[in-house]
Amino acid sequence: MSAPPLNPALFHLDREHLWVMHCSEGPVPRAAVRAVRSFLQKELRPWEVRWVEDFQGIPEAVRAEAAALLGGRAEDISLTPSTSTGLVAVAQGFRWQAGDEVVAPLGEFPSNAWPWLALRTRGVAFREVPLWEGHLAGAGAWDSRPPTAQADPEGRLVAALGPRARILALSWVRFQDGLKLDLQRLGRACRERGVHLVVDGIQAAGTVPADLEGLAAFATSGHKGLLAPQGLGFLWTEEGFRQSLTPSGTWLSVEEATDFSRPSTDFDRAWLPDGRALEPGGPNLLQASALLESLRLINRARVPAIAAHAAGLQARLLEALAGSSWAAEAARLRGLLEAGRLGSILAFHHGGAGAGWMNALLKSGYQRGILASVREGYLRVAFHGFHTEADADRVGEWLSGTAS
Ligand SMILES: Cc1ncc(COP(=O)(O)O)c(C=O)c1O
C-alpha cells in the first residue's frame, strides 16, 4: 500500500494513542492550531483584524473549500455551528402543512430526529422505517440484528414514501452500524415522488466522495471526518429548494448588510439569495480559521484517495480477523465492504455478548493504547487518511486475542 494520503506527521499522533474514533471526534491537524493561534493574536490587537480579509474573507474561504469538498457551488453553502443547526434551518424554514410527513430510517442519530420531532406541534409526523429484517433501535437497540449486504435499505425507504411524505431525512453513513446508503438511488426515487432528500452527512464528510445530484440539502459539522474542532460545520442546499425555505432572519441574511454607508436600520431589503440567508448570524472566526485549514488539507489529499485508503485498511483488518473468533463478523463486514456499503466505520456487532462485555472489550483496547468507541451494540473502528497498515495490524492483534 502507498503512503497515507494525509501525512501522519501533520497531526499530533503518538504510539500511546491509536485514535480510531474520528466517528466521535477527529484529531485536528497542527495547521489548524497555528491558524487559531494567529487569529487570536490579531484579536489581541483588534486594529489588526481586517474587515475584508478576515471578517468576510475567512468565512468565504471556508464556503469555497466546503463547496470543493462536495463538488458544489460556494453560494449554496451556509456556515452552521453543527449538523443539528443545519437541519434545524431546513426543518424550521420549510413551509409545512398539517398532516405532512418526514420519513427517516429507524435509529437515526438524534441530530436528525429532534429537528423533525420538534415539528409535532405543527402537525408534522416523523415516520421511522426499519432498514432490514430484525432491525431495532431505541430501547431495543442492543437486540437489533446487524445489517448484511443482502439487505435493501433503499427499497424499504422508497416503499415508505407515501402521498404525505415531503422530506426523506437520513444519515449518509449511519453512526452505529456504519451502513452507507445509496444517495443517488434515493435521490432519483425522491424526485419522482416530489419528495426532498435531506442528508446528515457528518459520518461521511471528508472520508466518502460526495455527489450532490438529487439532494435537496446536506448538513455536517466539522469535528469528525473533517478533522476540525467542535463548533462549526456547514449546510449545502440546492438553489431551488433553498428559495422555498424561510430564511433565518439575521442581520447578515439580507442584501448590503455590511455596507454601512446605508443605514443598517433601513429594513427595506431583500433576503440574500445565497446560503448566507440560512446562517445563524455572525461567523465564528476562530472555528472558521481551524476548519479552513482542515478542509484545505483534506481537499489537497482528495477525498477519493482517503476513501480508497480507508477501505484498504478495513480489508486488511478484516483479513487479519478471518481466522479469529471474529471470523463470522469479519465475513459480514467484508460482504458490506465489497458491496460498497461502508464508509470509514467498521462496526463490529456484539453478537449477543451484551453491553458489559463490549465495554470490557473497549477497556482492553484502551490498555493497549487503542482508542475505539461503542455505540448501540457495535464496536466502532474508524480509519482515516492518516492511518497506516501498522495501525490496522495493531487493531487486528488486539481483536484477534479477544472472543465474544
Ligand atoms: C450521524 C450523526 N449526525 C450528527 C452528529 C453530531 O451532530 P452535531 O453536529 O449536531 O453535534 C453525529 C455525532 O455523533 C452523528 O453521528
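Trainee: How many bridges join strand β9 to β12, and which way do the strands run?
Mentor: Five bridges join β9, residues 345-349, to β12, and the two run antiparallel. Two strands pair if DSSP finds at least two bridges between them. Strands (E, at least two residues) and helices (H or I, at least four) are DSSP runs, numbered from the N terminus. This is a predicted model: local features need pLDDT of at least 70, side-chain atom pairs count only at pLDDT 80 or more, and totals for chains, interfaces and linings use all residues. Residues are numbered from 1 along each chain as its sequence is written.

Trainee: Which residue of β12 is the bridge partner of phenylalanine 348?
Mentor: Leucine 379. Leucine 379 is also the bridge partner of valine 374. β11 and β12 form a hairpin with two residues between them. In its turn, glutamate 376 has a positive phi of about 50°.

Trainee: Are the residues of β12 buried or exposed?
Mentor: Count neighbours. In β12 (residues 378-382), five of five residues are buried. Tyr378, Arg380 and Ala382 point one way, Leu379 and Val381 the other.

Trainee: In what order do the strands of the seven-stranded open sheet come?
Mentor: Read across: β2-β8-β7-β6-β5-β3-β4, with mixed pairing. The edge strands, β2 (77-80) and β4 (125-129), each pair on one side only. Neighbouring strands are turned by 20° against each other on average, direction ignored.

Trainee: Where does the pairing run parallel?
Mentor: One case is β3 (residues 101-105) with β4, over five bridges. There, valine 103 has arginine 127 as its bridge partner. By contrast, β2 and β8 pair in the antiparallel sense over four bridges. Serine 78 has leucine 235 of β8 as its partner. β7 and β8 also run antiparallel, joined by five bridges. Serine 221 stands opposite glycine 233 in β8.

Trainee: What covers the two faces of β8 look like, residue by residue?
Mentor: Both faces are covered. Gly233, Leu235 and Thr237 are buried on one side, Phe234 and Trp236 on the other.

Trainee: Which strands does helix α3 touch?
Mentor: Contact means that C-beta atoms, placed from the backbone, lie within 7 Å. Helix α3 (residues 83-93) packs on the sheet and touches β2, β6, β7 and β8. Its direction makes about 155° with that of β7. Helix α6 (residues 183-193) packs on the sheet too, touching β5 and β6.

Trainee: At what angle do helices α1 and α8 pack?
Mentor: α1 (residues 30-44) and α8 (residues 285-301) pack at about 150°, with axes 8 Å apart. They are therefore roughly antiparallel (over 145 degrees; under 35 is roughly parallel, 65 to 115 roughly perpendicular, the rest oblique). Ala35 and Phe39 of α1 are among the residues making the contact, as are Ser289 and Leu292 of α8.

Trainee: How close do the axes of α2 and α8 come?
Mentor: Within 9 Å, crossing at roughly 35°. α2 covers residues 51-70. Its contact residues include Ile58, Val62 and Leu69.

Methods
Axes fitted to C-alpha atoms, helices over the stretch in contact; angles between N-to-C directions. Contact = placed C-beta atoms within 7 Å. Buried ≥ 20, exposed ≤ 12 C-beta atoms within 10 Å, placed from the backbone.
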